[in-house]
Amino acid sequence: AANTFLDALAQYRRHRGLPAVSLAWGQWAESSGMTGTLDATDLARMARSGMRPLSVEEGLALFDDAARYDEAVLAAARFDPAALRGQADAGRLPAVLRGLVRATGRRAADQDPATGAPAALAARLAALAPGDRAQALLDLTRTHVAAVLAHPHPAALDIDRGFLELGFDSLTAVELRNVLTTVTGLRLPTSLIFDYPTPAALAAHLTAEIQPDGAAAETAVLTAMNEWEAAAVALPAGSDGRERAVNRLRSLLWKLEQLDQLEQNGIKAGGDGEAAEPGDEPELSTATDDEMFALIEKELGLN
């Protein structure tokens, strides 16, 4: 709050033609009352952010340079371009720093249109059973919690232990929120670790948010159908390929309609086409066309 007030005061004076400059300082290499309590985790976090410590000589030179600019607020800091570029590639670079570097690679967070999650994560989760999805998101959460804390063994983290007990503070909380925002595509609040105070609670929240009602699985199917549609339309009209594609589509539509009808009646298909007892395999989702047709004909009294 005090820093924000000073920034506003400098702007206020400049607007009225009075001298003022407010400097937002980066990390100084020499320990002081403010930085003397930083531990290895804090320093590692700052290094990951792309900030490098200033020597006394560099800091004093920046202090002198500040007076030469006609700006009310300046940042006096030293940055690592490679680290900033890595953040830009991952889509995690703060907006205020984006003009310093240009991303060199494709962003990993191409989003799934239905869930907002990065496409690779959405596709991976869509292929998993609900319980496995929850475990995958728990593993993802624990991995990033360990990275923020510079913990060497993510699997050893107690997922039911509070974030504050694990060593989180306001800065590490924001870092975790930013990382999870990038990797999940969700809009997460800065109060994330206070709203969901343990890794287990946070993972459960992510599971509910990123997989509402199986949206990712639905999107994966619709995406595949879009690709199939484009390929089918490209086939020459009247060709054998177009005819086979149309017949396959009609067969699939009929099969899905029959599946819906049978499932509504609580019927499952056994491997021999007989009505299955509970626990028999395969179920409707894994039955072959021949098995399905045999079952449907039996249920309709056609065989």
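Q: In this predicted model, is arginine 68 buried, partly exposed or exposed?
A: Arginine 68 counts as exposed, because its relative accessibility is 66% and the cut-off for exposed is over 50%.

Q: Which residue forms a salt bridge with arginine 68?
A: Side chains of opposite charge can pair when their charged atoms come close. Here the partner is aspartate 65, and the closest N and O atoms are 2.8 Å apart. Aspartate 65 has a relative accessible area of 27%, so it is partly exposed.

Q: How many salt bridges does a search of the whole structure find?
A: The search finds five. One of them joins the side chains of aspartate 70 and arginine 14, at 2.8 Å from N to O. This pair links distant parts of the chain, 56 residues apart: aspartate 70 lies in the loop between helix 3 (56–66) and strand 3 (73–76), and arginine 14 lies in helix 1 (residues 2–15). Aspartate 70 is exposed at 66% relative accessibility, while arginine 14 is partly exposed at 27%.

Q: Which residues touch the most other members of the largest nonpolar core?
A: In soluble globular proteins, nonpolar side chains tend to be buried together. The largest nonpolar core here has 23 residues, and those touching the most other members are Val145, Phe163, Leu166, Phe168, Leu176, Leu180 and Leu202. Helix 6 gives the most to this core, with seven residues.

Q: What does leucine 202 touch, leaving out residues up to four places away in sequence?
A: Leucine 202 touches Thr141, Phe163, Leu176, Leu180, Leu192 and Tyr196. There is also a second, separate core of five residues, among them Leu84, Ala88, Leu93 and Leu97.

Note on methods:
Residues are numbered from 1 along each chain as its sequence is written. This is a predicted model: local features need pLDDT of at least 70, side-chain atom pairs count only at pLDDT 80 or more; totals for chains, interfaces and linings use all residues. Side-chain values use heavy atoms; hydrogens and water are left out. A nonpolar core is a set of buried Ala, Val, Leu, Ile, Met, Phe, Trp, Tyr and Cys residues joined through side-chain atoms within 4.5 Å. Buried means under 20% relative accessible area, exposed over 50%, partly exposed in between (1.4 Å probe, protein chains only). Helices (H or I, at least four residues) and strands (E, at least two) are DSSP runs, numbered from the N terminus. Contact means heavy atoms within 4.5 Å. A salt bridge is a side-chain nitrogen of Lys or Arg within 4 Å of a carboxyl oxygen of Asp or Glu.
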